[in-house]
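Work through the exercises below with the coordinates open.

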Amino acid sequence: MFTGTTNLADAVARIALPLLAAQVSRSPIVVTAVAAIMSLPWLVAALHIGVFVDRMDRRALLMAAEIARLVSVGALLVGVLVARPTLPLIYLAALVIGLADVVAGLAGVSIVPSAVPKRRWETANARITALEYLFNGFVGQPIGGFLVAIGFGLALGVTGFAYAAGAVLLLLLVGTFKVASTTRRNSVNDDIREGLRFLWRHRLLRTMALLIAIMAGCWAAWLALIPVYAVGGPLGLDERQYGFLLTCLGAGGVLGTVIVGRLNRWLGRRWCMFTDVIGAFALVATPALLPARPSSAWLIGAAAFVAGAGGTMWTVNARFITQSLVPADMLGRYSAASRLVAWGMTPLAAILGGLLAEVFSYQVAFGTFAVLCVLLIYPFFKVVTPGRMAEVDGTPGDQPVGAPSDQTAEARRAGNATRAGDDDLPETATTAGPR
C-alpha cells in the first residue's frame, strides 16, 4: 500500500510541476528544467545516499523521504493558493522531491532481500514494479491530468494527502531493516569507492548500467519534452488528454509485470530485457517520424505502451540480477553507483532534448535519441548472454538475506581468480552470504 500511495502522489506531482512551469513560461528549456532538476540528485547525491542506506535503518530513510516530499508539496500548495508560484519555488520543490526519490529508491530496492527468500524475489519485484506502474502511470497519470485540469490547488492537495498516507503506512511496516556489519567501518569515501569498484569489475552489471543510461536518457528526454509538445504545442492536447497519453506508459508497465514471469520461462530473461531496447526506440522514434498533429497522438500512445511493458520487464529482471549478485551489505552502495551511471545522465538528457527542440525542432530532438537506441543492440547481445543469465539463476540461496558478506573482502584480498574469459567478480564475492 505504501508503494501505491507514494507512486500515486509522485505521478500527480510529475504532471503538475512541469505544467505549472508551463503556465509561467512556454520555453521548452524552462519547462524541461523541471524534469532535469527532479532527476539531478541521481547525478550529484546518489553515491553518498547509498552509503547511508547501507549504514542506517532503511525503513527510517523511507519515512524521512516521505516527510520531505510532504513538506515540499505543502510549500508549493501555499504558493498556489496565495498567488501564482514563481519558477524558483517550483524548481526547489522539484529538487526536494528528486532527493527524496533517490533516498526512497535506494532504500526500497535494498529491503527486498532482507524480507523474502530468493525463490520469491522475482514475484516480489514484479508486484512492487506493478504497483509502481499501476499507480504512477496507469492510475496516477489520468488522475493527475484530471486534477490539474480542475485546478493546481486540488492536484497538490491530493498529492500532499497521499504522501501523508504513505508516511502513516510506513509505521505499520514491522521489522528491522538495517544490515548488521561485522567489518570495520570505513570512511564514506572508502565505501563509495568500494561500491564503484564492485560495479566496474562486474562486466554484466556494468554493461546493464551503461545500457540503461541511454534508455533512461530517452525516457527522460521524452518525459521532459512531451508536456510542452503535447499541451499547447504541435499535438494540441489539453491537460486531461495529456494525462491519458501518459497512461499508456503505465498500462504497458502493468502488463509487463503480469507477463514477465511467463515470458522469462518461455523466452528467457535475455529476450524479455531486450524488449526494453525496442520500447525505448519506439518511444522516441514515433514522435520523430510522425507528423506533429493531434491524430499522431494515438500512435505515440501505442509506442509509449510498448515502452512501458519493456521497461517493467527490464526492471523486474534487473532487480533480480542485482539481488542475486550483490551482497546484502553492499546493496545500497552498489545501487547508488549503478543508478548514478544509469540514471545520472537523465537530467543532462532532459536538458539536451530541450536545447535540440529549441534550436532545431522537436523531431530532431526525438530523432537524436532514437539513433542512440539503435546503437545499443550490439553491446546488449554481446554481453547479456544466455550463459550469464544461467549463472544468475544458478546462484545459491533460499533464505532472506540479513547478514553482511564478510567473505567478500577476504576473497578480494586473497586474489581469487575471476571466471574464465570474463572480468566478472570473484565467485565468492557474488555468492557469499545466506542466499
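A salt bridge here is a side-chain nitrogen of Lys or Arg within 4 Å of a carboxyl oxygen of Asp or Glu. The model is predicted, and side-chain atom pairs count only at pLDDT 80 or more.

**Exercise 1.** Decide whether Asp191 and Arg333 form a salt bridge, and say what the pair ties together.

Solution. 
- Step 1: take the closest N and O atoms of Asp191 and Arg333, which are 3.6 Å apart.
- Step 2: apply the cut-off of 4 Å. Asp191 and Arg333 form a salt bridge.
- Step 3: Asp191 lies in helix 9 (residues 188–201) and Arg333 in helix 14 (residues 331–343), so the bridge ties together parts 142 residues apart in sequence.
- Step 4: check burial. Asp191 and Arg333 are both buried.

**Exercise 2.** Which salt bridge do the side chains of Glu194 and Arg333 make, and at what N to O distance?

Solution. 
- Step 1: the side chains of Glu194 and Arg333 meet in a salt bridge at 2.9 Å, N to O.
- Step 2: this pair links distant parts of the chain, with Glu194 in helix 9 and Arg333 in helix 14, 139 residues apart.
- Step 3: both Glu194 and Arg333 are buried.

**Exercise 3.** Describe how helix 9 packs on helix 14.

Solution. 
- Step 1: read the geometry. The axes of helix 9 and helix 14 are 8 Å apart, at an angle of about 65 degrees.
- Step 2: classify the angle. Helix 9 is therefore roughly perpendicular to helix 14.
- Step 3: assign the hand. The crossing of helix 9 past helix 14 is right-handed.
- Step 4: list the contact. Helix 9 brings Asp191, Glu194, Gly195, Leu196, Phe198 and Leu199, while helix 14 brings Arg333, Tyr334, Ala337, Ser338 and Val341.
- Step 5: sort these residues. The contact of helix 9 with helix 14 holds six nonpolar, two polar and three charged residues.

Notes: Residues are numbered from 1 along each chain as its sequence is written. This is a predicted model: local features need pLDDT of at least 70, side-chain atom pairs count only at pLDDT 80 or more; totals for chains, interfaces and linings use all residues. Side-chain values use heavy atoms; hydrogens and water are left out. Helices (H or I, at least four residues) and strands (E, at least two) are DSSP runs, numbered from the N terminus. Buried means under 20% relative accessible area, exposed over 50%, partly exposed in between (1.4 Å probe, protein chains only). Axes are lines fitted to C-alpha atoms, for helices over the stretch in contact, and angles run from 0 to 180 degrees between N-to-C directions. Angles under 35 degrees count as roughly parallel, over 145 as roughly antiparallel, 65 to 115 as roughly perpendicular and the rest as oblique. A crossing is left-handed if the near helix is turned anticlockwise from the far one by less than a right angle, and right-handed if clockwise. Contact means heavy atoms within 4.5 Å. Ala, Val, Leu, Ile, Met, Phe, Trp, Tyr, Cys and Pro count as nonpolar, Asp, Glu, Lys and Arg as charged, and the others, Gly among them, as polar.
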